[in-house]
Amino acid sequence: MTAETTSPRQNAPATRPVLAATGLFKSYGRVDALRGTDFELYPGEILAVIGDNGAGKSTLIRCLSGAETPDAGTITLDGRPVHFRDVQQAKQAGIETVYQTLAVSPALDIATNFYLGREVRKKGPLGSVFRMLDTTAMRRMAREQVTKLGIETLQDITQAVETLSGGQRQAVAVARAAAFGSKLIIMDEPTAALGVRESGQVDSLIRRLKDEGIPIILISHDMPSVFALADRIHIQRLGRRAAVITPQTHTMEQAVAIMTGAATA
Amino acid sequence: MTEGAVTTTAGTPPEEAGPPARRRANPFQAMLHAHPSLSPLAVLVVAAVVFDLINNRMFSPGNLSIMLQQVAVIGLLALGQTIIILTAGIDLSVGAIMIFGQMVMAGLAINSGMPVVPALILGTLVAVLAGGINGVLATRFNVPPFIATLGTLGVFTAAGLKYANGQTLTPVPGSLLLWTGTVIRLGSFNITVGVVLTIALYIIIGYCLGRTAWGKHVYAVGDDPEAARLVGIRSSRTLLSVYLVAGLIYAVAAWVQIGRTGDASTDISSTLNLDSITAVVIGGVSLFGGRGVVLGTLFGALIVQVFQTGISLAGVQELYQELAEGLLVIAAVILDQWIRRVRR
C-alpha cells in the first residue's frame, strides 16, 4: 500500500507563511526529539499536526510557542527570524497557545484567568501608584470576547473556573487565546479530555476562529476531527516532517500509514 | 465574590442545565466555597457567645482591650504565614524569625548603644533577610518549604540565642521602639499603636492580594504552579517576594512584641510557630494553596485568642485550650477538604 507522494510545496498556498521553521533540532539528553523538522503555517488556515507518540509533535509545538528553545534551526514569524526565550516573548509576538493542561488557575474566576499574567491596571494614580487592577474593564472585555465567540455556556464571568465543566474550561482557554492571539493560535489536543458533545462544541469554536481569519495550529489524535477541520495536515515522524497532505488528497488510512511509517509520502 | 445569578439563555440545550444544577445541589457548600471567611466567622461568633455566657466579664471593654493587644503579635505572624500558605508553602520558622528580629532591634539599642532608628531598621532588615533565605531555599534550591523552614527554625532560633547570649534584653530605650505599646483611648477601650499597625497591615495585604496583579499571581502560583508558568508568571520571583514580605511582617510583629512587653526575650512562647499555622488553618486558608483570604486569618487568630482568654476566665485547666485548638484545626482541614470538592 502506498500513499500518493506529495511534497509540502505542492499543497502550500502561494503567500508567505505566517510562521515557519527550518531545520529544527532539539535533544533531551540522548533522546533526539527533533531531527531537522521544517514547518510552515499560512495565513487563515487550520494546519493540523499529527504523529505517533515520540514523533516530536509536542517538542515542535513547545519550540514554536516559546516554551522550549531549539538547539538548532530557525523560526520566522511574518518572515522575520524570532528567538523566543520563554512563553512570554512568544505571547508578546502574538502567538497564543491552548495547552492540553489548559493552563488555567482553578480557584480564580474566568475574567481573572483571562488576564492572568497581563493584568490591566486602573488609569491614573490608582493604577500607577497603588497598582490597582481595573477589574471592571477586565470583566467587561472578557465578557465581550466570550459573547463574540458565541460561548453561551459561560454566563457568569466571575465564576471560579473550578466550578466549570471540562468543556467550559476548554472554552475559557480557547477564548483567552483568541482574545490575545493576534498572529496565530496553537491548540494542543483541545478535545483529548472531553466527551463527544463537548468536543463538537470545541470544534465549532475552532471553525469560528478560522472564520475570523486567524491561522490555527491544531495538534490532535482525533483523526475524524482533524480531517473535518484542517486545511492541511503536517505529519510528524521520527523527529522530522514526513509529509504535508490535505484531507482532499489523502484518506485517514493513508495518513495513518505515513504516520506509522507503513507508507512513505 | 459575586453571587452567581445564572440567567438561562433560551438557546441553551437542555443538557447544559444538567451539570450546573448538580453543582448547585448543595448551596451551603457552594457558599462556603465562594466565601472562605464565613466558617471561621461562624466559629468565632459561637465561641464568643458561649464564653460570654460562661463568664460575662469576657467582653468587658477592659478585657476586650487586653485581648486585642494580645492578639496583635500572633495575628501579624499569622498574616505572614497566610501569604506563604497561599502559595502552598508553610513557614515553621515564623516565631524564630520574629524573636531573632526583636533581639537584634533591642540588642543594637541596648548593648551596642545604637540610636533606636537604625536599630529598628537593621532589625527589620534581619527579619526580611531571614524570610529571603527561606524563599531562596524554596525557589533556587528547590527545598520543600516544610523542610527549608524546619531547618531555618533551628538556625534562626540559635542565632537569636547567640546574639543575646540567651539573656533577656531590658530595659529597651527610646520612645520609638516602645511606640507600638502606646495606648490610644477610644471611649472605654484601650487599644495600642500595635493593634492599629496590625489592622493596617491586614488591610494593606488584603488589598494587595485582592486588587493587584501580584496578589492574583500569588493565588495562581499556589493553585497550579505549572499553569501559572505557562501563562507567563515568573513563579520563583513571586514566591521569593512572598517570603520577603512575610519577613517584613514578622519584623513588625517583633516591634509590636517589644512595645507590649518593654523587653526582648528569647523565651517567649515557643508555640508561636504552630499558633500562627493554627490561626491560618482555622481561618479557612487551604494548606494546599491558592484559596483563602486574610479576613479569615484574622478571624482565626481571634478564635485562638478567644479560646485562650475564655478558657482561662472559665477557670478550666489550660490543657483544654490545647485540646480545643487541636480539634478546631482538624475540623477546619476536614471542612476545607469538603469545600474543595466543589471543584469538578
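1. The radius of gyration used here is taken over C-alpha atoms, and the globule rule sets it at 2.2 Å times the number of residues to the power 0.38. For the 265 residues of chain A, a compact globule would have a value near 18 Å; chain A has 19 Å, which agrees. The model is a predicted one.

2. Chain A contains 10 helices and 10 strands. Taken along the principal axes, its C-alpha atoms fill a box of roughly 65 × 40 × 35 Å. Buried residues account for 49% of the 265 in chain A. Of the contacts in chain A with a separation of 6 or more, 67% are between residues 24 or more positions apart.

3. An open sheet of six strands is found in chain A, with the order β6-β7-β8-β3-β9-β10 and mixed pairing. Its edge strands are β6 (95-98) and β10 (240-245) of chain A, each of which pairs on one side only. On average, neighbouring strands of the sheet are turned by 20° against each other, direction ignored.

4. Helix α8 (residues 196-211) of chain A lies across β3 (46-51), β7 and β8 (216-219) of chain A, and runs at about 160° to β8(A). Helix α10 (residues 252-260) of chain A also packs on the sheet, where it touches β3, β9 (232-237) and β10 of chain A. The direction of α10(A) makes about 30° with that of β9(A).

5. The secondary structure of chain B consists of 15 helices and two strands. Its radius of gyration is 21 Å, close to the 20 Å that the globule rule gives for 344 residues, so chain B is as compact as a globular protein of that length. The C-alpha trace of chain B spans about 75 × 55 × 35 Å along its principal axes.

6. In chain B, 46% of the 344 residues are buried. Residues 24 or more positions apart make up 77% of the chain B contacts with a separation of 6 or more.

7. One helix pair in chain B can be set out in detail. Helix α6 (residues 116-139) of chain B packs against helix α12 (residues 235-261) of chain B at an angle of about 145°, and their axes are 7 Å apart. The crossing of α6(B) and α12(B) is right-handed. Their contact has 17 nonpolar and nine polar residues, and no charged ones.

Note on methods:
Residues numbered from 1 in each chain as written. Chains lettered and ligands numbered in written order. Predicted model: local features only at pLDDT ≥ 70, side-chain atom pairs only at ≥ 80, totals over all residues. Helix = DSSP H or I, 4+ residues; strand = E, 2+ residues; numbered from the N terminus. Buried ≥ 20, exposed ≤ 12 C-beta atoms within 10 Å, placed from the backbone. Contact = placed C-beta atoms within 7 Å. Pairing = 2+ DSSP bridges. Axes fitted to C-alpha atoms, helices over the stretch in contact; angles between N-to-C directions. Left-handed = near helix turned anticlockwise from the far one by under 90°. Nonpolar A, V, L, I, M, F, W, Y, C, P; charged D, E, K, R; others polar.
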